[in-house]
Number of protein chains: 2
Amino acid sequence: MKIRCAQIEVIPGNPKENYETCRRFVNEAKKDAMDLIVFPELCIPGYLIGDMWEDVSFLKDCEFYGRRLAKLSTSKLSIIFGNVLVDWNMKYEDGRAVKLNCGFVAKNKNIMYRPNKLKLPYIKTLQPNYREFDEKRYFMDSKEYYLRKKENVFKNFDPFIIDSMKIGLSICEDGWDKDYSMSPLSIEKDLGADILINVSCSPFTVNKNVSRDRTFSKKAKELKTPILYVNSVGIQNNGKNIFMFDGSSVCYNKKGIKEAGVKSFEESKFDFDLNDSNDIGNFRIWDFAWRENAKESEVKQIHDALIYGIQKYMKQSNLKKVVIGSSGGIDSAVVSALYAKAIGQENVYLVNMPSIFNSATTISLSRQLAENIGCYYAEASISNSVELTLNELDGKTFYNGKISDTISLSQFNTENIQARDRSSRILSAIASSLPGGVFTCNGNKSELTVGYCTLYGDLSGFLATIADLWKHQVYELGRYLNSNKEIIPCKIFTIVPSAELSEDQDIENGKGDPIKYWYHDYLFKSWVEKWNRSTPEDILVQYKKGTLETFLGMKEGRVKEYFKSNKNFIEDLEKWWNLFKTCPLLKGFNLLLY
Amino acid sequence: MKIRCAQIEVIPGNPKENYETCRRFVNEAKKDAMDLIVFPELCIPGYLIGDMWEDVSFLKDCEFYGRRLAKLSTSKLSIIFGNVLVDWNMKYEDGRAVKLNCGFVAKNKNIMYRPNKLKLPYIKTLQPNYREFDEKRYFMDSKEYYLRKKENVFKNFDPFIIDSMKIGLSICEDGWDKDYSMSPLSIEKDLGADILINVSCSPFTVNKNVSRDRTFSKKAKELKTPILYVNSVGIQNNGKNIFMFDGSSVCYNKKGIKEAGVKSFEESKFDFDLNDSNDIGNFRIWDFAWRENAKESEVKQIHDALIYGIQKYMKQSNLKKVVIGSSGGIDSAVVSALYAKAIGQENVYLVNMPSIFNSATTISLSRQLAENIGCYYAEASISNSVELTLNELDGKTFYNGKISDTISLSQFNTENIQARDRSSRILSAIASSLPGGVFTCNGNKSELTVGYCTLYGDLSGFLATIADLWKHQVYELGRYLNSNKEIIPCKIFTIVPSAELSEDQDIENGKGDPIKYWYHDYLFKSWVEKWNRSTPEDILVQYKKGTLETFLGMKEGRVKEYFKSNKNFIEDLEKWWNLFKTCPLLKGFNLLLY
């Protein structure tokens, strides 16, 4: 039996376009005389679409295109695909129709069922409900559904029989059963499955391929059954964060060894035979780079995911050109190099926007960066405009008919005026004048976690490209981008990070940001990335025990060296915790990596 | 048995502060020789706190303050309160500990259980999972919990016996059983309850009190049992929208008639006796205005909710002063009048920011408005700054080492430059110079739905105060604000709505916004407010049948009059639908009313 794995790009909320993609793949599969083609989870509706799941006309569209896809199957070519099934006759307790996340099998122009007479597709059983996942809100799981139907849920795991081969179908989380009380894959094996097929819609996170391999390879070996894992590519967002779907589809033989796969982050496919001795062979693979998927360094994974996310997000939003405020520092340099790589240097516009506080050093580094990249470059001073604003508004008098109140702008106010002038005046105007033009937010995760940025200033931008990277990771990514050729001038790696908004942030005298990245990166990380988030109390306990650096995962010895006294340490902790807790940050979109 | 209903303000995510509020109320109740005091649902943790429900240290805090609150009970005074119960020994399938939304009864310094030996508080049974509600994500319902405990779920509805009175406890949605397959209140009555107590954390929506009355009054009458409904006040937000909690706690006798209650939107209380004949009497009520709760006009409800939301949000965020861009139009005028009323005119700063396109009419209306309100007022022209920006950036040349690209700013670009100059330059600077100063976003729902606004321009602001009101509702609210005295100059109601950003929007010649509020308000509403959202196809079907105006709920006859041909109608529909669908709007906070 010749099986094709179709790693397609899924567009969330666009059943028609997704159907067209499937049709293209089905036609190819017919030409290549395949017996079965497998598409990913929810490949018709998409996945992260929020309350669009409650939109009846959308659900009807999904049903319509699901039926059309089934019609493309023939007596020779069977199709497996993920789609939503709406049971219009069964209501949730609040009156809405029950929806199920399903794996369908089609043959001979029709949806095909199993010998158990239930006329049901495979229904997803294990549901993730954390982070971006919200399945209980939208879908009923197989256990509850079968209970309400007064049927034995084990029938959900009966294999589908295609050309006398027994296919055990499962959906994404169903294969990640470590913490769950049941294992759909093991049950399917017990029920006689010759192969286990897991259709997924699983977003990229750093090192996810390692855990994927561990999970599925172990399972295939344990059950002595080959496993085909089919994941989608593309991007999907939950209204706040953008998730990249890496695909990384792969097939494990019954010893748990990966035999075939495709490269991450591209629409692709591979073929293999499922033979009578219940194993797989006769592979056809288009690109052998897939073998590297699970071995890549973290920085390469991050690099590839960001490039992919930029490309897809710009394409989906019909954007063409990017304007980047280029300060001469590492953040904007890394963002510039990324966009040049992702969309071509001919679409990248760097603008250096000096004030009296900007050093000759950073201006010339910014110029050098543009030259290395080969992108458009210009300088636009903010001096006249900031001066005009100060003249117009400092000392401005309000009157209420009785008394007056006079505005006085502090140094702090003036720093923020500069930041807003750059983003909301210059970058916005230039970006909006370019066809399909936007400008970027260059903030890193360290700054954004504690709100060390200006609203309508450097916090602005269409996409916060590196907002899920701590400062030390930004440096690392910069070095990676430089590995073949110096794109980012090497001096940018050595100057002190600084906003250059006042004399107190003069880099020529080594003055810069109040965030000490070698410590605060790890401190802030413990507040936001751990499942059990650290509190200041946790930090103090570790500090007292002398185990803080191990606890935070940072280099040893530096905390004691840097903080002259316990008092210093505690003051610093309190300062940043308060900023973190009161930070009224309304972030725009960012690409999520962790 | 003397019962006190404690309608307290709950601060989301702050168990300590909520405990302190409860303690204050308990001490009063002791002085007043009460036998039972009842607090609202989740009055220790709060409700809309997102993934803070996964924070172990927060959950331990909730447990701690719950125990402390129980300790305040005595042999005389029992306490009913809502809190989270964590079953640290029972795990969700993904490994997290199970959490339950519970009603606790405390007596004699201890949590009190029922004679059924289960040592469990009342567990919420019906869970809302739509709009802002996400209970399945965070809580297990009683049915699943009892099943996993291998216990009969009916034991969850056993009444608590306090001083020989049988109390049937329920939580919020448990009382709204219309669409559900079971009715906790009816089961409790069957099990002998003398009174039904529903503790709630139920946000305000327009006319909610009418449906509350209908629901609970009917139930009390049907079951011939008094019902006490205890809801919290305060605001809570889900990271995007702010919800006002109106309280409106009330007690129905066994005929379903409201006998006692408290005013909406304030921390308050009332007392009554539960007597042996299973009815209530001997009321002590502090403010009889509660009787009006369910009879108020929509515009009064909206007004009260917005004033309350402004006050609470500013207080919680430690904000003092508000700067408002005052155009002389209805939106900013209504916002100005609201803030003056909510925080006092001495804290309101109106700024009129004219350009060459602003009419003398709107400038003088803006001045008149400030005078009527008695707030601070100033004018700050954007002419010089916009001219400087055009001079600096129009014709700006980028160079990439080989070729150059010259920026050219269109009229459309220039309109947006003006909007950004007002918000990101002037309003931001003035607001940041004032202690606790912020500036407002004055956009209405009609504009924001289709993105008729400028990012970093009029879309900016700390709170989009009237963003959940269609334009016709803004006018209505304006007239309501004027009902005692002309605050908003009456001419503001008659000039044509206009952004005044170009000659094409000259109000002196009757030119204004492209949105025709008398039609588009209702059209857009059908796209976003209906549970089954309308599609352009639905609209066309209704238009063809001649039933569109009834379908949209708007005045009859005007659509045909306005659109000269079917082609005009369809073009207009397509234009706005495309803007709605592609609108990349990243809204800040707004107060939610619907």
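In the predicted model, A:Leu228 lies opposite A:Cys251 of β13(A). These residues belong to a pair of antiparallel strands, β10 (residues 227–231) and β13 (residues 250–252) of chain A, which are joined by three bridges. Strands are DSSP runs of E with at least two residues and helices are runs of H or I with at least four, both numbered from the N terminus; two strands are taken to pair if DSSP finds at least two bridges between them. Residues are numbered from 1 along each chain as its sequence is written, and chains are lettered from A and ligands numbered from 1 in the order in which they are written. As the model is predicted, local features need pLDDT of at least 70 and side-chain atom pairs count only at pLDDT 80 or more, whereas totals for chains, interfaces and linings use all residues.

The pair β10 and β13 is part of an open sheet of six strands in chain A, with the order β7-β8-β9-β10-β13-β14 and mixed pairing. Its edge strands, β7 (160–162) and β14 (258–261) of chain A, each pair on one side only. From one strand to the next the twist averages 25°, with axes fitted as lines to C-alpha atoms (for helices over the stretch in contact) and angles running from 0 to 180 degrees between N-to-C directions. Helix α6 (residues 208–223) of chain A lies across β10 and β13 of chain A and runs at about 155° to β10(A). Contact here requires that the C-beta atoms of two residues, placed from the backbone, lie within 7 Å.

Chain B also holds an open sheet of six strands, ordered β7-β8-β9-β10-β13-β14 and of mixed pairing. Strands β7 (160–162) and β14 (258–261) of chain B have a single partner strand each and stand at the edges, so one side of each is left without a neighbour in the sheet. Strand β13 (residues 250–252) of chain B pairs with β14(B) in the antiparallel sense over three bridges. Within β14(B), B:Lys258 is the bridge partner of B:Tyr252. Helix α6 (residues 208–223) of chain B packs on the sheet and touches β10 (227–231) and β13 of chain B, its direction making about 155° with that of β10(B).

In chain A, the axes of α8 (residues 330–343) and α13 (residues 471–481) come within 10 Å and cross at roughly 45°. This makes α8(A) oblique to α13(A), where angles under 35 degrees count as roughly parallel, over 145 as roughly antiparallel, 65 to 115 as roughly perpendicular and the rest as oblique. The crossing of α8(A) and α13(A) is left-handed; a crossing is so termed if the near helix is turned anticlockwise from the far one by less than a right angle, and right-handed if clockwise. Helix α8(A) contributes A:Ile330, A:Asp331, A:Ala333, A:Val334 and A:Ala337 to the contact, and α13(A) contributes A:Val474, A:Tyr475, A:Leu477, A:Gly478 and A:Leu481. The residues of this contact of α8(A) with α13(A) comprise eight nonpolar, one polar and one charged. In this classification Ala, Val, Leu, Ile, Met, Phe, Trp, Tyr, Cys and Pro count as nonpolar, Asp, Glu, Lys and Arg as charged, and the others, Gly among them, as polar.

In chain B, the axes of α10 (residues 383–393) and α11 (residues 411–433) come within 10 Å and cross at roughly 125°. Helix α10(B) is therefore oblique to α11(B), and the crossing of α10(B) and α11(B) is right-handed. B:Ser385, B:Val386, B:Thr389 and B:Leu390 of α10(B) meet B:Thr414, B:Ile417, B:Gln418, B:Asp421 and B:Arg425 of α11(B). By class, this contact of α10(B) with α11(B) has three nonpolar, four polar and two charged residues.

Between the chains, 61 residues of chain B are in contact with 61 residues of chain A. Elements giving two or more residues to the side of chain B that touches chain A are α2 (56–71), α3 (135–138), β19 (376–379), α10, β20 (397–399) and α11 of chain B. Helix α11(B) gives the most to that side, with 12 residues. The residues of the side of chain B that touches chain A divide into 24 nonpolar, 23 polar and 14 charged. Of the interface residues of chain B, 100% are also interface residues in chain A, so the copies meet through the same surface.
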